Amino acid sequence: MSFEERHKKGYELLHEKDLDESLDVARELQRINSNAPEGYTLEGEVMQKLNQWESSVKSFSDAIEKDEDDGRLYNLRGYSYLNLDEADKAKDDFERAIALDDLPAAHRNMVLYKLMNGEGQKAIQYLLDRIRSSPKDVENWILMGDLMKKGGHDQKAKTYYEQALKMDPDNQYVKNLLEE
């Protein structure tokens with residue numbers, strides 16, 4: 001099995017929640033090519049699933065050493081920092097991910113950072129700006145709906161969810177929310 005096939009298999013195992021096997025594949029990838037970020041990235045994602053945030057930060061840092069221009073790695077590490085209550089490091093990583101690759105997931109994590117940092121109004125404004133600049137990103141509409149619902153604004157939440165459903169009619173999460 002080639003490196004790429006092993007890498008793909010590792011992610012299949014991760015998605016099937018076979019974390020032990022996925023971790024074994026990650027470490028095998030590191031042995032095969034210690035200069036490639038893939039094994040360290042997979043290991044970091046397994047550690048996130050296990051809520052092993054410090055270990056995931058180390059793995060993603062190792063991956064970043066191998067590929068410092070991959071915004072996805074910074075976003076993943078930032079999420080781990082956020083879970084370690086290291087907000088400033090998380091913010092720096094999300095900003096780096098956005099600067100490198102303008103990742104929608106990094107923008108959503110920036111909203112999460114702002115919420116966790118007690119900046120609810122700034123989070124909402126940031127998300128509104130994202131909806132204006134990327135109106136076809138369904139996840140932004142869903143996240144805004146979730147924020148509105150959590151804030152007790154059920155009618156506003158419904159409006160955001162309905163827009164998301166127009167864009168993604170098969171989205172089961174949104175369908176369930178609108179049926180409540």
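**Salt bridges, loops and a surface patch**

Glu95 is partly exposed, since its relative accessible area is 37%. Here buried means under 20% relative accessible area, exposed means over 50%, and partly exposed is in between (1.4 Å probe, protein chains only). The model is predicted: local features need pLDDT of at least 70 and side-chain atom pairs count only at pLDDT 80 or more, while totals for chains, interfaces and linings use all residues. Residues are numbered from 1 along each chain as its sequence is written, and side-chain values use heavy atoms, with hydrogens and water left out.

Glu95 has a partner. Its side chain meets that of Lys91 in a salt bridge, with 3.9 Å from N to O; the term stands for a side-chain nitrogen of Lys or Arg within 4 Å of a carboxyl oxygen of Asp or Glu. Side chains of opposite charge can pair when their charged atoms come close. Both Lys91 and Glu95 belong to helix H6, where 4 residues, or about one turn of the helix, lie between their positions. Helices (H or I, at least four residues) are DSSP runs, as are strands (E, at least two), and they are numbered from the N terminus. Lys91 is partly exposed, at a relative accessible area of 28%.

How many salt bridges does a search of the whole structure find? The count is 11. One of them joins Arg6 to Glu28, whose closest N and O atoms are 2.6 Å apart. Arg6 sits in helix H1 (residues 3-15) and Glu28 in helix H2 (residues 19-32), so this pair ties together parts that are 22 residues apart in sequence. Arg6 is partly exposed, with 23% relative accessibility, and Glu28 is partly exposed as well, with 26%.

Another salt bridge links the side chains of Arg132 and Asp129, at 2.9 Å from N to O. These two residues are 3 apart in helix H8 (residues 120-133), so about one helical turn separates them. Arg132 is exposed, with a relative accessible area of 58%, whereas Asp129, at 38%, is partly exposed.

Next come two loop residues. Asn51 lies between helix H3 (38-49) and helix H4 (53-66). Asn51 is not a glycine, yet its phi is positive, at about 60°. At 51% relative accessibility, Asn51 counts as exposed. Asp102 belongs to the loop between helix H6 (87-101) and H7. The phi of Asp102 is also a positive value in a residue other than glycine, near 45°. Asp102 is partly exposed, because its relative accessible area is 44%.

Is Ala106 buried or exposed? Ala106 counts as buried, because its relative accessibility is 0%. From the C-alpha atom of Ala106 to that of Leu177, 71 residues apart along the chain, the separation is 24 Å.

The patch is formed by Tyr79, Leu112, Leu115 and Met116, which together have about 320 Å² of accessible area. Such areas come from the Shrake-Rupley method with a 1.4 Å probe, and for residues only the protein chains shown count as cover. Patches take residues with over 30% relative accessible area and no salt bridge, joining like charges within 9 Å and nonpolar side chains (Val, Leu, Ile, Met, Phe, Trp, Tyr) within 5 Å. Tyr79 is located in helix H5 (residues 71-83). With a relative accessible area of 32%, Tyr79 is partly exposed.
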